[in-house]
Amino acid sequence: MSSQILQLTAQFANPRGLHPTQQWLTAFMSTQKTTTPIPALTQTALFRLLSSDITTSLSTEAVHCLPANVHDVNIKERRLEGPIVLQLVGIEDMSKSRWEQIEAIEALERGEGTKGREIIRVTATDEDDDSGTNVNKGGGPHKLSLQDARGTVVYGMELKDIQGVGLGMSIGCKMVLRSAAVARGMVLMEPANTTVLGGKIEALHKAWKENRKTELKAAIEASERSG
């Protein structure tokens, strides 16, 4: 293992909690010049890692992933020591009706946010867009669908406002859990145990936005028919 890979491994593990596989690191290094300074190399690698699918880029060792029985509703409460890196695969604002969620998604597509009841124009820079954290923080709490490196998906509930969490989050955004409680299969999230790293998986983000609006509209129509 080269000294550069060792240094990158250390940079990712502390304090971010990221543990890329040896295969991913080797593939990344094969695209870089050996003379590139470590700080620049770290920034480039971090950008690519946050844009990757963690099921193909991060370690699947048990210590870095969710427990196999994380969904067991018979376990009243347990604690995930972590750090465990998860990627966002879905999000719902529990304070908004289905129509309000559709309107919020469409407003974000138009580049609009909200300030109180006033609609404002949001100009996102490339850096903001890539970070996955250019969010409209109004509303909440939010219910998140989160996936670990093994592909296990679990629900997380935002108990208190977490910086970077909102409907404007990008699908594929990476988050780190440390000492988070799981109550009957639901991860309980708050600022003390959740850190948003950012990132975005473009293809998944686009598909989710399209499918989410379709799902919400179908649910509305089904409710109107049954009513």
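**Burial and contacts in a predicted model**

Visitor: What share of the residues in the protein is buried?
Guide: In this predicted model, buried residues account for 41% of the 227 residues in the protein.

Visitor: Why is Gln4 called buried?
Guide: Gln4 has a relative accessible area of 15%. The term buried applies under 20%, so Gln4 counts as buried.

Visitor: Where in the protein is Gln4 placed?
Guide: Gln4 belongs to helix H1, which covers residues 3–16. The protein contains 7 helices and 10 strands.

Visitor: What makes the pairing of Gln4 with Thr34 a polar contact?
Guide: A polar atom of the Gln4 side chain lies 3.1 Å from the backbone oxygen of Thr34. The cut-off for such a pair of N or O atoms is within 3.5 Å, and the distance of 3.1 Å therefore meets it.

Visitor: Which residues does Gln4 touch, leaving aside those up to four places away in sequence?
Guide: Gln4 touches Met29, Thr34, Thr36, Ile38 and Leu41.

Visitor: Why are Cys65 and Cys173 called buried?
Guide: Cys65 has a relative accessibility of 4%, and Cys173 has one of 0%. Both values are under 20%, so both residues count as buried.

Visitor: How many disulfides are found in the whole structure?
Guide: A search of the whole structure finds 0 disulfides.

Technical notes. Residues numbered from 1 in each chain as written. Predicted model: local features only at pLDDT ≥ 70, side-chain atom pairs only at ≥ 80, totals over all residues. Heavy atoms only, no water. Helix = DSSP H or I, 4+ residues; strand = E, 2+ residues; numbered from the N terminus. Buried < 20%, exposed > 50% of the residue type's maximum accessible area, 1.4 Å probe, protein only. Polar contact = N/O pair within 3.5 Å; in protein donor to acceptor, adjacent residues only side chain to side chain. Contact = heavy atoms within 4.5 Å. Disulfide = S-S within 2.5 Å.
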